[in-house]
Amino acid sequence: MNTNNYYSQRNIDYVNRLEKIKQDLPDFCQDFFVGLQHHTAILTRVNYAYDLRIFFDYLYKKGKVKNPKDFALVELENINAFDIEQFLDYLTYYTYNGKQSQCKAHAKERKLSAVRALTKYFFKKDLLEKDTASKVSSVKIKEGTIVRLDVEEVANLLDLVEHGSDKFSKRQQTYLKQTKIRDLAILTLFLGTGIRVSELVGMDIEDVNFKDNSFRIIRKGGNASILYFNDEVGKTLIEYTNFRMLQLQNNPSNTSQNALFLTTKGNRLCVRSVQLLVKKFTKQINTLKKISPHKLRSTFGTQLYRDTQDIYVVAEVLGHKDVNTTKKHYAQTNEDIKRNAANTVKLRK
């Protein structure tokens, strides 16, 4: 399975998932998703479908519609801004299909975005007389402190993977002996390049070029990008690829021979497995910090910004389309630079 086939299959899975969710939505939503397909990623449309399904289920429970599937487009005219605001309040603790869930500010804002996109689409098509959802204020989101590892914690993490710890059970230690080289390569790649977990699991062996320390990934949105790694990252990757070659010789019938990172059975490593891998090691380093692959990405981005003090370099390497996204995520680092700048100027030399 090559990289293109991996992402193609993933997109096919998303398309099938979207078609299944649309069965629970009003028929006019079919036109909405067709209209979105040329300027949104398939995962965005899937998330919109999930959120709209909850929205129409809420309207059904409140007696606004008899049946979500039979809901007519013209009936959206009867949904006012206050109805949508009540929906956002309902999301704090809600039940769908017998399962209780809750939404925090980010999740509420995402669901509001889905409803806004729906009413805006049909308003622009002159099929609705008003764009009701646009009148609803955005959900206020409190930006929390960015969680990341400091320099000492990074060193401790890599030492832990490389040398092990008596904190692990005997069973864990036995398993770690089989995966140590792979796990070290994964964590080093995260910390040394700042790639996303989805980008890491989608990499194939031919995506890595040791001649110039470069590698190819597929970014969000499906665009390919070439990034570079330093010699420290390269060393762990070379060691792992040699180990991987032996692993494949022991599993000649596996179906993922092109995948860069493999399970012990020789299959492509999945996102969830990498998330658990990161959690397993990082919780031994600092129990107060909940570290995910994205937090390792933040760790890299923070260090890169501190070293370069160039937000545009960080945005380019991390693959942010909007530099304001980078600025927002690394505002705390800006404070570090301001503090250092204040100490640089001497009034009496």
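Me: How many helices and strands does the secondary structure of the protein chain come to?
Reply: This is a predicted model. Its C-alpha trace spans about 75 × 65 × 40 Å along the principal axes. The secondary structure of the protein chain comes to 14 helices and five strands.

Me: What share of the residues in the protein chain is buried?
Reply: A residue counts as buried under 20% relative accessible area. The protein chain has 349 residues, and the buried share is 43%.

Me: Over how many bridges do E4 and E5 pair?
Reply: E4 covers residues 214-218, and E5 covers residues 224-228. Ser-214 stands opposite Tyr-228. Ile-218 has Ala-224 as its bridge partner. The two strands pair in the antiparallel sense, and the number of bridges is five.

Me: What is the bridge partner of Asn-209 in E4?
Reply: Asn-209 belongs to E3, which covers residues 208-209. E3 and E4 pair in the antiparallel sense over two bridges. In E4, the bridge partner of Asn-209 is Ser-214.

Me: Is strand E4 mostly covered or mostly uncovered?
Reply: E4 has five residues. Four of them are buried. That makes strand E4 mostly covered.

Me: Which residue in the turn between E4 and E5 has a positive phi?
Reply: E4 and E5 form a hairpin, with five residues between the strands. The positive phi is about 100 degrees. The residue is Gly-221.

Me: Is Asn-213 buried or exposed?
Reply: Asn-213 lies in the loop between E3 and E4. That hairpin has four residues between its strands. Asn-213 is not a glycine, yet its phi is positive, about 55 degrees. Its relative accessible area is 16%, under the 20% cut-off, so Asn-213 is buried.

Me: Is Asn-97 buried or exposed?
Reply: Asn-97 sits in the loop between strand E1 (94-96) and strand E2 (99-101). Its phi is positive too, near 55 degrees, in a residue other than glycine. The relative accessibility is 72%, over the 50% cut-off, so Asn-97 is exposed.

Me: How many aromatic pairs does the count come to, and what kind is the pair of Tyr-6 and Tyr-7?
Reply: The count comes to 19 aromatic pairs. Tyr-6 and Tyr-7 form one of them, 4.9 Å centre to centre. Their planes are 80 degrees apart, and planes over 60 degrees apart count as edge-to-face. The pair is therefore edge-to-face.

Me: Are Tyr-6 and Tyr-7 buried or exposed?
Reply: Tyr-6 has a relative accessible area of 15%. Tyr-7 has a relative accessibility of 8%. Both values are under 20%, so both residues are buried.

Me: How many residues apart in sequence are the parts that the pair of Phe-168 and Phe-281 ties together?
Reply: The ring centres are 6.0 Å apart and the planes stand at 85 degrees, so this pair is edge-to-face. Phe-168 and Phe-281 are buried. Phe-168 lies in the loop between helix H6 (151-163) and helix H7 (170-193), and Phe-281 lies in helix H10 (residues 271-285). The parts tied together are therefore apart in sequence by 113 residues.

Me: Which residue has its charged end over the ring of Tyr-6?
Reply: The charged end sits 4.3 Å from the centre of the Tyr-6 ring. The residue is Arg-268.

Me: Are H4 and H5 roughly parallel or roughly antiparallel?
Reply: Helix H4 (residues 81-90) packs on helix H5 (residues 105-124) with the axes 10 Å apart. Their crossing is right-handed. The angle is about 150 degrees, over the 145 cut-off, so the two helices are roughly antiparallel.

Me: How far apart in space are Ser-8 and Gly-222, C-alpha to C-alpha?
Reply: Ser-8 is found in helix H1 (residues 3-22). Ser-8 is partly exposed, with a relative accessible area of 38%. Ser-8 and Gly-222 are 214 residues apart in sequence. In space, C-alpha to C-alpha, the distance is 9.9 Å.

Conventions
Residues numbered from 1 in each chain as written. Predicted model: local features only at pLDDT ≥ 70, side-chain atom pairs only at ≥ 80, totals over all residues. Heavy atoms only, no water. Buried < 20%, exposed > 50% of the residue type's maximum accessible area, 1.4 Å probe, protein only. Pairing = 2+ DSSP bridges. Phe/Tyr/Trp six-rings, centres within 6.5 Å; stacked < 30°, edge-to-face > 60°. Lys NZ or Arg CZ within 6 Å of the ring centre and 35° of its normal. Axes fitted to C-alpha atoms, helices over the stretch in contact; angles between N-to-C directions. Parallel < 35°, antiparallel > 145°, perpendicular 65-115°, else oblique. Left-handed = near helix turned anticlockwise from the far one by under 90°.
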